[in-house]
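Biologist: Please take me through this model, and begin with the terms on which your answers will rest.

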Amino acid sequence: MGTYKIQSRGVFMKLAYWMYAGPAHIGTLRVASSFKNVHAIMHAPLGDDYFNVMRSMLERERDFTPVTASIVDRHVLARGSQEKVVENITRKDKEERPDLIVLTPTCTSSILQEDLQNFVDRASMGADCDVILADVNHYRVNELQAADRTLEQVVRHYLEKAKRQGCLDLRKTEKPSANILGIFTLGFHNQHDCRELRRLLKELGVETHQVIPEGGSVSQLQFLPNAWFNIVPYREVGLMAAEYLEKEFGMPYVSTTPMGVVDTAHCIREIQSIINSQAGHEIVNYQSYIDQQTRFVSQAAWFSRSIDCQNLTGKRAVVFGDATHAASMTKILSREMGIQVVCAGTYCKHDAGWFREQVASFCDQVLITDDHTEVGDLIAKVEPAAIFGTQMERHIGKRLDIPCGVISAPVHIQNFPLGYRPFLGYEGTNQIADLVYNSFTLGMEDHLLEIFGGHDTKEVITKSLSTDTDLRWSAEGQAELSRIPGFVRSKIKRNTEKFARQNNLNEITVEVMYAAKEAFTQ
Amino acid sequence: MKPLTHTEPLHFECETGNYHTFCPISCVAWLYQKIEDSFFLVVGTKTCGYFLQNALGVMIFAEPRYAMAELEEGDISAQLNDYQELRRLCSQIKKDRNPSVIVWIGTCTTEIIKMDLEGMAPRLEMELGIPIVVARANGLDYAFTQGEDTVLAAMAHRCPDSGRAKQQSRTHIDENDSLSSRGLRSLLSFPVPSTTEQTAHPPLVLFGSLPATVAAQLGLELKRQGIQVSGWLPAQRYAELPSLGEGVHVCGVNPFLSRTATTLMRRRKCKLIGAPFPIGPDGTRAWIEKICAVFGIQPKGLQEREEQVWKGLEGYLRLVRGKSVFFMGDNLLEVSLARFLVRCGMVVYEIGIPYMDKRYQAAELALLQSTCQEMGVPFPRIVEKPDNYHQVQRIRELHPDLAITGMAHANPLEARGISTKWSVEFTFAQIHGFTNARDILELVTRPLRRNHSLQELGWVQLVQSPV
């Protein structure tokens, strides 16, 4: 049956054990399972349905995750999937009566090169529901790109279907209204952000028309164009759908992330100008709302003026995360709190241009990488007072004894809090202020304890991530080092070792330490 | 649907194989920790990496001795080839970590593109001077714990020949044993016969990866019967792999090791002792008795030892007696656990299991059958390659007191008022031997105890539309 062939034997290999963005199919599954009554079927070997575990554990989801696998096993390898995929689709159609089934390719199906579109075409003839093949290639896109693409694909599918059936109604709602695009399962604080955005829109007198994909219904997608405009809160997911809706239906969209006081105001002003231009004349003016919220409702503007925040002036921080959160966080730290961002970085390599442009004037250095060791080495080198990053940076921080606030996926279960923790809107600014302040004060407390001889029983730590060192510390040197307060100790250790290497000394005595000190203070 | 009665023989069914389980590459998680001087290299894609990263959670941050060789779609014109690439990565591993062995884990992708790992390994081994073991632990062929089976089967080929290396390995293991048993003897109050009292018997090698303390406990139980364990596959270090060969008896400690068993018999000419597995006090006793029987030794004090353990479990047994349990099946420990729980007084409705080797598990299945008969409960239905969707329908119908299931189904079932226990915990907990029977029941009763304390509150159903 030769249904698969080997396209390329020129594979590159990369040594890795941590990745920031997952494989493409995860993005598709996140979008599909966020919609109500949509089922995803993965064409995958046994064990690839780990997504269900993540959703059930991290989101503490009460319902069965609507994802099943059409298992690729030895038989499939030998003879192709043949009827199996089609049978699985029609079976799921009968069992769950979904509105839509999304057939999801994985890395395995990418290499097998079976004609999945053909299976979809055949299955949709026998099934009551719609069936589509997610248009994502494992080797070309990551989780976030795939999610963006799948959302656009689903939106396009239903609008084109309505157009074909002649039931597309493009009339706008009477009052100003907006769709929120890109809120979805396993997104970093997405549920809380969504609630905050709805509240914000309500206070602006804007009706929330539809939120997709989370909790959305595909049968309602044809009514998306009834809204006056779209809001895309996150850079990573929703932009493609917004661009499609703008191109096809002339729907404007706001893509400024309302994170931080300044950008929230930006976002609101954009909404104002869109509403007024849609209405043809000025019907709203949000200036006094922004002013009121900024000065009195949100505590963040006041916080940045308070003496607490004064103490943070010039403190050094490193920011790393997805493009949206890392960019917004960099701007907040630098512009709103007077903190020096020594390095801002993102793992969204595909969006590097946008990221650079956003943060260029707010940080000393930009880092675009998806290699966690590069991030770790950089942090070890610049020794910031605090890190704002993902779970990986939190662990790097732990190792180096630097506090870390988690601001972006990838995340653990503790980043799916039960309490209300938005990052967006005015309540979001409060949450972020707390997060920043708590990260720094914890560090300060720690140092004060050590300065005053607190409960310091910690051994000397190495800030360098590599464990091998050719240098030996004498007992006296070691003792002298431990007398130096913790917050400068590692820096002194590093400088001393650097000095010793430069001067070809392989044992560090107290004398060497003093010599190094003199050399560096000159 | 009515449970089968115990007048018929055990009944086996096979469903569609649409079930949730861990990918077998997860075995690196416990094997790299067991074999201290190893390095595991998983040759696969981002999908494999993502699974490991998320499934192993915090272990990722501890500089683990494993990594992914992540395959990417290369330029067709690229001059790189698989061998050069693997050589580059393995040289790096050798330089950074200097392990005694590198284990290549083949995945679905290496199977499909037919990457010749077995062909490349010996060449690279020569070139780098470091042993390279190849195990195809992929999701096309295997489920979860079977990953360990593929690795141990591959390692069985690397064990020294008992004819040649006997003396050396023997002394080494004796040293180890006396060390660990000295520690244990001071902890446990029963006497251990000294080596001089031991009966002469052919060498016995046990296979299956267990934490060092559990392995020491099992070794000690055998020692009390005058049986000396001459080695374990795997040992704590790659350099300490046991000697194998004709005349060596082998016995498994886990139910998912059928390939390893086959390899030991056919390729290394060992004699397999087919016994129930030492899970639960009943299983442990049966396991020891079988080994004794093969060596013609009359077991001493085993019955008392078992009774004593049961007596100690009484508090837990009161909680489980008469309760029903449903195994959805994902790790192949199911038959042994079900047999133990039946002995505890539970009723097992269904034993889902990924793969059933009726020959390797023959003694365990026979013990399950006789246990059901003695306890006067119907035989459970044994469902190989289960279908999770159908199983959930059956769970709704039967409403068991406990469903042992994967994490994908646990929260949704709890929300529908079904108590669940996450099955993976049985893989990582210490469940072997007399000493650890308590741990199994601790796991099994945890949801029952928790739900007992919440019972008064009246919020059992936590979904809008009931079931």
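Modeller: A residue is called buried under 20% relative accessible area, exposed over 50% and partly exposed in between, with a 1.4 Å probe and protein chains only. Helices (H or I, at least four residues) and strands (E, at least two) are DSSP runs numbered from the N terminus. The model is predicted: local features need pLDDT of at least 70, side-chain atom pairs count only at pLDDT 80 or more, and totals for chains, interfaces and linings use all residues. Residues are numbered from 1 along each chain as its sequence is written, chains are lettered from A and ligands numbered from 1 in the order written, and side-chain values use heavy atoms, without hydrogens and water.

Biologist: Why is strand β3 of chain A largely enclosed by the rest of the structure?

Modeller: The strand β3(A) covers residues 67–71. It is largely enclosed because, of its five residues, those that are buried number four.

Biologist: Which residue of β3(A) is the bridge partner of M42(A)?

Modeller: Strand β2(A), residues 38–44, runs parallel to β3(A), and five bridges join them; two strands pair if DSSP finds at least two bridges between them. Within β3(A), M42(A) has as its partner A69(A).

Biologist: Where does UniProt place the feature "binding site"?

Modeller: UniProt positions follow the numbering used here, feature names are shortened, and annotations may be inferred rather than shown by experiment. The unreviewed entry gives this feature at C23(B), C48(B) and C108(B). Although spread over 86 residues of sequence, these cluster in space, with a largest C-alpha distance of 10.2 Å. The lining of the largest cavity takes in C23(B), C48(B) and C108(B).

Biologist: Is C23(B) buried or exposed?

Modeller: C23(B) lies in the loop between β1 (12–14) and α1 (27–34) of chain B. Leaving aside neighbours within four places in sequence, C23(B) contacts (heavy atoms within 4.5 Å) G47(A), F51(B) and F144(B). With a relative accessible area of 9%, C23(B) is buried.

Biologist: In which helix is the place of C48(B)?

Modeller: C48(B) is buried, at a relative accessible area of 12%. Not counting residues up to four places away, C48(B) touches I25(B), M68(B) and T107(B). Its place is in residues 46–55 of chain B, helix α2(B).

Biologist: From which element comes the largest share of the lining of the largest cavity?

Modeller: A cavity is a set of points, on a 1 Å grid over the protein atoms alone, where a 1.4 Å probe fits but cannot get out, and lining residues have an atom within 4 Å of a point. The largest cavity is lined by 18 residues, with D48(A) among those nearest its centre. The largest share, three residues, comes from α2(B).

How values were computed:
On a 1 Å grid over the protein atoms alone, a cavity is a set of points where a 1.4 Å probe fits but cannot get out, and a pocket is an open set with protein on both sides within 12 Å along at least five of seven lines; lining residues have an atom within 4 Å of a point.
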